[in-house]
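Subject: Structure handover, with notes on pockets and salt bridges

Dear colleague,

Please find the structure below. My notes come after it.

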Amino acid sequence: MTRSLHAGPDGIPHTAPYDAIAAGYAELNATSLLNEFYNRPALVELAGDVAGRRILDVGCGSGPILADLRDRGATVTGVDASAGMLEQARARLGTGADLRVADLAEPLPFDDDTFDDVIASQVLHYLKDWGPALAELHRVLKPGGRLIVSEEHPTALFLADRLSGGDREYFGVHERTEEWTLGGRTAELTFWDRPLHAMTDAFAAAGFRIAAISEPAPAPDAFDRFPEVGRRESGRFLAFLLFVLVAEPQR
């Protein structure tokens with residue numbers, strides 16, 4: 001997962017935590033089951049043939065998805081609220097990459113109808129209110145353009161809470177705070193969990209039509225690399241929920 005925006009209790013992203021753990025987080029992303037062998041290949045597969053398309057990755061982190069899409073012929077732009085994460089992305093992508101510091105809770109520095117696709121990988125859950133951010137992503141997309149979203153599966157979050165002894169109900173928007181230690185540095189991160197219906201309601205309100213919902217299988221070599229996970233008959237496990245959304249023309 002490419003987490004790069006951190007929201008405090010006010011729901012506004014703050015960058016300091018990711019600036020502190022940027023190097024350690026980039027290293028984790030490059031080897032972890034959920035990032036390298038699940039979320040990243042699933043997003044790229046959903047994007048399909050991107051040759052010649054102009055794509056924005058919001059919350060691009062250290063840039064692995066940008067690199068994949070650029071290798072497939074896309075013209076890519078990445079934004080992240082953390083300057084530290086963008087340093088990691090520049091090291092990966094080179095100085096010629098279009099990378100900018102920008103906050104998803106504020107207007108983006110792009111004209112209307114700029115992009116064919118927008119990638120939002122593990123980033124919306126840092127916002128208490130998705131409405132303004134989704135409206136802004138709709139604005140920068142061309143009519144008929146795609147917003148490809150990856151989020152933690154709400155059912156997986158609910159089950160994890162119950163298995164850990166929690167009693168939080170599935171419905172509603174709930175705040176969750178975690179402390180991460182990476183590369184010898186520690187950061188406190190806050191997420192806003194919501195049920196499936198709250199996600200789809202927000203997409204519809206912002207003018208998006210759901211074209212696909214995916215509960216993907218991991219990459220074929222995931223179970224060889226992580227045999228402790230255990231292969232199921234379906235070849236899948238519960239982790240992330242992905243959407244392909246089409247920006248409907250504004251009336």
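This is a predicted model: local features need pLDDT of at least 70, side-chain atom pairs count only at pLDDT 80 or more; totals for chains, interfaces and linings use all residues.

Residues are numbered from 1 along each chain as its sequence is written, and side-chain values use heavy atoms, with hydrogens and water left out.

The search ran on a 1 Å grid over the protein atoms alone: a cavity is a set of points where a 1.4 Å probe fits but cannot get out, a pocket is an open set with protein on both sides within 12 Å along at least five of seven lines, and lining residues have an atom within 4 Å of a point. Grid points are joined across faces, edges and corners, and a volume is the space filled by probe spheres set on them.

The second largest pocket has a volume of about 160 Å³. Helix 2 (residues 33–47) gives the most to its lining, with five residues; helices here are DSSP runs of H or I with at least four residues, strands are runs of E with at least two, and both are numbered from the N terminus. The lining also includes S214, P216 and P220.

Across the whole structure there are three cavities of 30 Å³ or more. The largest cavity has a volume of about 80 Å³. Helix 6 (residues 154–163) gives the most to its lining, with three residues, and R168, H174 and D193 are among the other lining residues.

Salt bridges

The structure holds 13 salt bridges, each being a side-chain nitrogen of Lys or Arg within 4 Å of a carboxyl oxygen of Asp or Glu.

D68 pairs with R40, with the closest N and O atoms 2.6 Å apart. D68 lies in helix 3 (residues 64–71) and R40 in helix 2, so the bridge ties together parts that are 28 residues apart in sequence. D68 is buried at 13% relative accessible area, and R40 is buried at 14%; buried means under 20%, exposed over 50%, and partly exposed in between, with a 1.4 Å probe and protein chains only.

R176 and E152 form another salt bridge, at 2.8 Å between the closest N and O atoms. R176 is in strand 8 (residues 174–182) and E152 in strand 7 (residues 141–152), 24 residues apart. Both R176 and E152 are buried. A network of salt bridges links E152, R168, R176, E178 and D193.

Regards
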